[in-house]
Amino acid sequence: MAGARAAAAASAGSSASSGTPQPQEPGLGELLEEFSRTQYRAKDCSGTGGSKVERIEKRCLELFGRDYCYSVIQNVNGDICGHYPQHIVFLEYESSEKEKDTFQSTVQVSKLQDLVNRSKTARCRGRFVCPVILFKGKHICRSATLAGWGELYGRTGYNYIFSGGADDAWADAEDVTEEDCALRSSDTHLFDKVRGYDIKLLRYLSVKYICDLMVENKKVKFGMNVTSSEKVDKAQRYADFTLLSIPYPGCEFFKEYKDRDYMAEGLIFNWKQSWDLVQQTQNYLKLLLSIINSDDDSGLLVHCISGWDRTPLFISLLRLSLWADGLIHASLKPAEILYLTVAYDWFLFGHMLVDRLSKGEEIFFFCFNFLKHIISEEFSALKIQRRKSLPARDAGFTVEDICMLRRKDRGSTTSLGSDFSLVMESSPGAAGSFTYETVELVPAGAQTQAAWLTALSERETRLQEVRSAFLAAYSSTVGLRAAAPSPSGAIGLLEQFVRGVGLRGTSSSTL
């Protein structure tokens, strides 16, 4: 791990002295072209393609260095994780003197490097807990879910099984417990050891909240539990963490989004609460924002199964939402924060855009088109902070009110249609041990709504600029090439994309 303070300062100074910054649109176009051609692999960063990736990584480091002092976890040739950046950024503190004195990480990067090396086998595909956003001194992290016995005892076979597969494909199979498999392998201490290191890493990063986006409890392939989840760890190793079991549809669901001409409104799973895709994503984002704005110093981990579809969706939305409030990456312009989140949160962390486009699973496009749904002050972290300072009033809805947990239905391995559960658990596996916190997921009244209907806020303007820049670059590189005619054949490629991104209303509604 190498320090990068001097390099960051030099980059920031060079940018500041150059006067007018260079336009970022060509850079984004090149990035999207590369992204849509191949999946990033750290070990393949050589030759012509490697030079392009090097430019992308260098650009990301320069953008991080504008506002933060950071160190780098070296992952050259994918020695730690094959689908993580070659230079993994660890943000230590904001470079402004004011913020440096207020919030500064207590993590020693050498110890962090050691814990990363020891804990990487604990999670699916070696995608260990990785801090990616620093907010008020708290680390927002990402990872894959826990590795099951199938991966721990045969990573080579596991990679073969999953090569090119969808993020949430699974097969019906008889459940075989991890403990039984460990006994058969004469190694009852394996899970204690590898998950013990994972827990040490989480604690070292002060992570208390774990947001689990998985729909099922375990992922089964050919009768083998290849991944698991903290919420079903029978030894209750993660009992000291607050687990948020908030299942979110996998990438294959987003083919329906594309087939509906990119209309997310009204696209519903069989959730009892009848949230459509827009409402569900909005409410999850509000929940995450409420957690990171809590009064404690605890960090947050977000993960799905492999950590490269649903995970970057929410990491990217968090980064952009906090940026729009002026709370992180304060010096970056809309085109710059867009480049950073596309390159770092999606491309360099291994999102399989090529595969997803070939199947019409456009979760990547959904993320940035969705920005139009979070422009209001309702999603502002500043609003959450202001609300805490106001006198007590009606607290809106609690998580318990909105999402009544039915334990027996949670974690179906055969269908996404089981009862939806949104619950914050402390001490998994212990009956009746659930705790709930109040989260305002809907507007509190007409007066509040009126306040939101004021002139365009800075937040709205910034997010709209990011969305517009993305749509322009996407349509000229990926969008029109990826779009296919609608099943009815009523509209062509260009018309479908224009309607989907909201540049023209359909006959029934306007985006």
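**View 1. Burial at Cys 367 and across the predicted model.** A residue is called buried when its relative accessible area is under 20%, exposed when it is over 50%, and partly exposed in between, using a 1.4 Å probe and the protein chains only. By this definition Cys 367 is buried, because its relative accessibility is 0%. Of the 511 residues of the protein, 57% are buried. The model is predicted: local features need pLDDT of at least 70 and side-chain atom pairs count only at pLDDT 80 or more, whereas totals for chains, interfaces and linings use all residues. Residues are numbered from 1 along each chain as its sequence is written, and side-chain values use heavy atoms, leaving out hydrogens and water.

**View 2. The surroundings of Cys 304.** A disulfide is a pair of cysteine sulfur atoms within 2.5 Å. The closest cysteine sulfur to that of Cys 304 belongs to Cys 251 and lies 8.8 Å away, so the two are too far apart for a bond. The protein has 0 disulfides by this rule. Cys 304 is itself buried, with a relative accessible area of 0%.

View 3. Ile 363 belongs to helix H15, which covers residues 363-369; helices (H or I, at least four residues) and strands (E, at least two) are DSSP runs numbered from the N terminus. The relative accessible area of Ile 363 is 0%, so this residue is buried. Contact means heavy atoms within 4.5 Å. Leaving aside residues up to four places away in sequence, Ile 363 touches several residues, including Cys 251, Phe 254, Asp 309 and Trp 346. The C-alpha atoms of Ile 363 and Gly 250 are 8.9 Å apart, although 113 residues separate them along the chain.
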